[in-house]
Amino acid sequence: MSELEQLEALVTQVRRDILRQVHKVNSGHPGGSLGCTEFLVALFKEIMDRKDEFTMDGKDEDIFFLSNGHISPVLYSVLARTGYFPVEELNTFRLLNSRLQGHPTTHDGLPGVRIASGSLGQGISVAIGAATAKKLNNDAHLVYVLCGDGELQEGQNWEAIMYAAGNKVDNLIVSIDLNGQQIDGSTDTVLPMGNIKSKFEAFGWDVLDIESGNDLNAIVDGMKKAKLRTGNGKPVCVLLHTVMGNGVDFMMHTHAWHGKAPSDEQLEIALTQNPETLGDY
Amino acid sequence: MKKHTNTGNKDTRSGFGAGLTELGKTNENVVALCADLTGSLKMDEFKENHPERFFQAGIAEANMIGMAAGMTIGGKIPFTGTFANFSTGRVYDQIRQSVAYSEKNVKICASHAGITLGEDGATHQILEDIGLMKMLPGMTVINTCDYNQTKAATIAIAKHHGPVYLRFGRPKVANFTPENQNFEIGKAVVLQEGTDVTIIATGHLVWEALLASEILMEHGISAEVINIHTIKPLDKDAILKSVAKTQCVVTAEEHNYLGGLGESVARVLAENAPTPQEFIATQDTFGESGTPAQLMDKYGLNADAIQKAALKVIART
């Protein structure tokens with residue numbers, strides 16, 4: 001397999017993991033998870049400079065924060081399949097006594113998670129803190145954070161966005177999952193946010209778009225460009241144009257699967273569309 | 001009887017500033033964040049000495065708390081500084097998720113707590129913060145009584161790994177605890193031994209409790225005065241040991257009786273040794289504008305109110 005084929009195989013397997021995790025416990029958030037599958041696979045496999053061994057401090061490596069913690073199924077799958085914990089543990093998603101809580105937490109010592117998230121709007125602030133600590137420690141590595149687009153409705157984000165530009169936090173790449181959907185409907189109908197790109201630019205950020213946010217090549221190219229734009233006095237924002245529910249035809253382009261699990265029948269159809277590649281857990 | 005002497009009125013927030021200055025010199029991992037109240041929090045000296053370790057967050061407390069949580073991930077020990085109201089109620093969810101639940105080593109340092117904030121009035125006078133903070137699992141809650149103790153506590157919490165809420169105040173009050181004292185988190189300090197009633201006080205009410213004990217002594221009543229600087233974890237043994245002797249207790253705090261020290265003490269007593277208790281605290285009310293002294297008088301947070309409560313609780317035994 002070529003490198004791209006290997007990544008594509010991993011993406012398909014992660015999609016299966018997401019669907020099977022959510023189906024088993026009849027809860028969780030498949031839509032946003034599927035929409036960010038290619039991004040997280042590309043980020044962890046191709047973009048970030050990571051160490052094999054997880055340490056909370058994350059010194060001398062790139063670190064990642066998931067601000068929209070509800071897409072935990074994709075994070076857990078990618079973490080497991082990049083070696084942070086055994087893939088069999090995906091079986092415990094949302095079960096009693098599991099490290100794989102409904103929303104990610106440090107509370108139970110799950111490798112790969114450095115902050116609890118779920119209550120929205122806090123990730124950029126945390127990432128700025130971690131990026132600032134890296135500068136104090138003379139650690140030239142980067143801090144990545146992924147946020148939902150609906151999440152930007154939380155005011156804390158704009159405090160953070162203002163701070164990062166004003167204080168030249170330029171070792172930070174914030175990616176926004178621009179799928180245009182949130183629980184109650186499209187972002188335009190729930191609370192229109194206007195032009196997100198102009199807003200970030202007006203706050204002093206360097207913004208770039210990844211128009212095909214579900215295309216591995218486009219993501220890798222876009223994120224490599226984003227990396228090149230760090231260290232220039234501005235924080236970097238990547239607008240990742242994705243399709244919620246990507247890879248499962250009946251889940252795509254709708255908010256309906258934001259926080260809903262598929263039935264047995266729906267799971268079967270969804271898995272048929274994503275045949276096993278690297279082995280189910 | 002052990003006498004306590006006021007060596008001169010000083011504000012507890014200056015004790016915090018002095019402690020932070022010392023930490024700046026001795027611990028290079030200590031960083032400070034402030035939300036546009038550097039002078040009020042007495043953080044200027046740290047800022048001047050270590051500009052690279054001082055972070056001005058602006059009037060954006062939620063982001064400040066999140067940043068502090070993130071900085072711990074690089075091994076830093078962040079001290080955040082703003083008024084108690086903006087340190088707690090305004091940022092409760094940020095503290096809950098990013099600090100407490102995430103078990104981050106953040107020190108939330110809160111000045112102008114309680115009604116002695118004074119003239120700014122009820123919008124700024126939080127009387128609910130101890131309750132908010134003590135309800136968070138894993139959070140240590142400290143309310144210091146004077147300048148010396150606040151300085152010692154500031155230095156001590158840097159050595160403690162875990163989230164801490166450090167509460168202090170605005171006005172100049174009696175400074176009577178020893179200079180360079182050894183501050184033990186969770187360890188009550190018996191300031192005065194007595195046999196007839198136990199007075200358990202925290203923060204600015206500790207000095208008032210000592211004054212109350214002098215009034216009581218004139219009535220031939222021997223009061224034991226305990227300074228509970230750490231409300232969580234609470235020094236259960238010290239409380240039980242004292243009430244075993246006195247059989248009654250007055251708690252005193254500059255906080256709502258709901259959620260404060262008094263309720264924590266009542267729980268310990270109810271579980272172990274049910275004991276008559278009187279509560280010196282605000283009575284589920286907001287504050288108002290006035291001088292700190294006027295407000296302490298109006299809301300019954302002073303030596304006279306404590307001694308009256310002591311007489312009342314003794315009569316109940």
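Visitor: Which residue has its charged end over the ring of Trp257(A)?

Guide: The residue is Lys260(A), whose charged end is 4.4 Å from the centre of that ring. A charge sits over a ring if NZ of Lys or CZ of Arg is within 6 Å of the ring centre and within 35 degrees of the ring normal. In chain B, Lys10(B) lies over the face of Tyr147(B), 3.8 Å from the ring centre.

Guide: Some conventions apply throughout. This is a predicted model, in which local features need pLDDT of at least 70 and side-chain atom pairs count only at pLDDT 80 or more, while totals for chains, interfaces and linings use all residues. Residues are numbered from 1 along each chain as its sequence is written, chains are lettered from A and ligands numbered from 1 in the order in which they are written, and side-chain values use heavy atoms, with hydrogens and water left out.

Visitor: Why is the pair of Phe200(A) and Trp205(A) called edge-to-face?

Guide: The ring centres are 5.3 Å apart and the planes stand at 75 degrees, so the pair is edge-to-face.

Visitor: What makes the pair of Phe16(B) and Phe168(B) stacked?

Guide: The planes are 25 degrees apart, with 4.9 Å from centre to centre. Phe16(B) lies in helix H1 (residues 12–26) of chain B and Phe168(B) in the loop between strands S7 (164–167) and S8 (172–173), so the pair ties together parts that are 152 residues apart in sequence. Helices (H or I, at least four residues) and strands (E, at least two) are DSSP runs, numbered from the N terminus.

Visitor: Why does Phe16(B) count as buried?

Guide: Buried means under 20% relative accessible area, exposed over 50%, and partly exposed in between (1.4 Å probe, protein chains only). Phe16(B) has 0% relative accessibility and therefore counts as buried. Phe168(B), at 2%, is buried too.

Visitor: Why is Asp196(B) called partly exposed?

Guide: Its relative accessibility is 29%, so Asp196(B) counts as partly exposed. Asp196(B) is found in the loop between strand S9 (189–192) and strand S10 (197–201) of chain B.

Methods. Rings of Phe, Tyr and Trp (its six-membered ring) pair if their centres lie within 6.5 Å; planes under 30 degrees apart count as stacked, over 60 as edge-to-face and the rest as tilted.
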